[in-house]
Amino acid sequence: MNPNDPLLLFVYGTLKRGKKNHYALANAHYLNESCTSPDYLLVDLGPYPGMVEKPLEGFSVQGELFEIPYDLLVELDKIEDAPLLFNLEPITLADGSKAFAYLYKQSIASAKILSEGVWLS
C-alpha cells in the first residue's frame, strides 16, 4: 500500500451510511453499493457484524465501497479495534476486483451466520 494512493474500502456494518460509526467516513468518497465474491461469511456479533473468509463455504456479503485516504486508517483501526478484533485485509468483490475490508479475527463458533449476507441492526 502506497500512503499517497487512496484505498478502496468495503464496509458491511457500523461504518455503512446511516450506521453509528459512519461519521468516520463522512469525508470519504462513497463509490457505490457492492458485494463480495461468495467466499465470505457474515456473522451477527450483537452490536456489530463480523466478516470472515470462508472459501467454498461462504456467501456474498453486501456492503458499500468507499475511496478513503490512507491516513484515515489510524482512526478506523481504533474504531475496529484492530488488530485484536478485526484486521484490514484484501478481499475480492463479486466482479473480481480487489478492495480492503476489516475481517473479524476471533472465533465465530457461537455467532449467528447471516446467510443472506446483510447486517440490518
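Reader: Let's start with E64. Is that residue buried or exposed?

Author: E64 is buried, at a relative accessible area of 5%. Keep in mind that this is a predicted model.

Reader: Thanks! Which residue does E64 pair with in a salt bridge?

Author: That would be R17: the two side chains meet in a salt bridge, at 3.2 Å from N to O. The pair links distant parts of the chain, with R17 in the loop between β1 and β2 and E64 in strand β5 (residues 62-68), 47 residues apart.

Reader: And how accessible is R17?

Author: R17 is partly exposed, with 38% relative accessible area.

Reader: What else does R17 bridge to?

Author: E33 forms a salt bridge with R17 too, and there the closest N and O atoms are 3.9 Å apart. E33 sits in strand β2 (residues 29-35) while R17 is in the loop between β1 (7-11) and β2, so this pair ties together parts that are 16 residues apart in sequence.

Reader: Which class does E33 fall into, buried or exposed?

Author: E33 counts as exposed, with a relative accessibility of 57%. R17, E33 and E64 are linked in a network of salt bridges.

Reader: Nice. How many salt bridges turn up in the whole structure?

Author: A search of the whole structure gives three. One of them is between E89 and K105, whose closest N and O atoms are 2.7 Å apart. This pair also links distant parts of the chain: E89 is in strand β6 (residues 86-92) and K105 is in the loop between β7 (98-104) and β8 (112-113), 16 residues apart.

Reader: What about accessibility for E89 and K105?

Author: E89 is buried because its relative accessible area of 18% is under the 20% cut-off. K105 is partly exposed, at 41%.

Reader: Why do side chains like these pair up at all?

Author: In general, side chains of opposite charge can pair when their charged atoms come close.

Reader: Switching topic to pockets: how much space is in the largest pocket?

Author: The largest pocket holds about 220 Å³ of space. It is lined by 16 residues, and the closest to its centre are T14, Y48, P49, E80 and F86.

Reader: What kinds of residues make up that lining, nonpolar, polar or charged?

Author: The lining of the largest pocket divides into eleven nonpolar residues, three polar and two charged.

Key: Residues are numbered from 1 along each chain as its sequence is written. This is a predicted model: local features need pLDDT of at least 70, side-chain atom pairs count only at pLDDT 80 or more; totals for chains, interfaces and linings use all residues. Side-chain values use heavy atoms; hydrogens and water are left out. A salt bridge is a side-chain nitrogen of Lys or Arg within 4 Å of a carboxyl oxygen of Asp or Glu. Helices (H or I, at least four residues) and strands (E, at least two) are DSSP runs, numbered from the N terminus. Buried means under 20% relative accessible area, exposed over 50%, partly exposed in between (1.4 Å probe, protein chains only). On a 1 Å grid over the protein atoms alone, a cavity is a set of points where a 1.4 Å probe fits but cannot get out, and a pocket is an open set with protein on both sides within 12 Å along at least five of seven lines; lining residues have an atom within 4 Å of a point. Grid points are joined across faces, edges and corners, and a volume is the space filled by probe spheres set on the points. Ala, Val, Leu, Ile, Met, Phe, Trp, Tyr, Cys and Pro count as nonpolar, Asp, Glu, Lys and Arg as charged, and the others, Gly among them, as polar.
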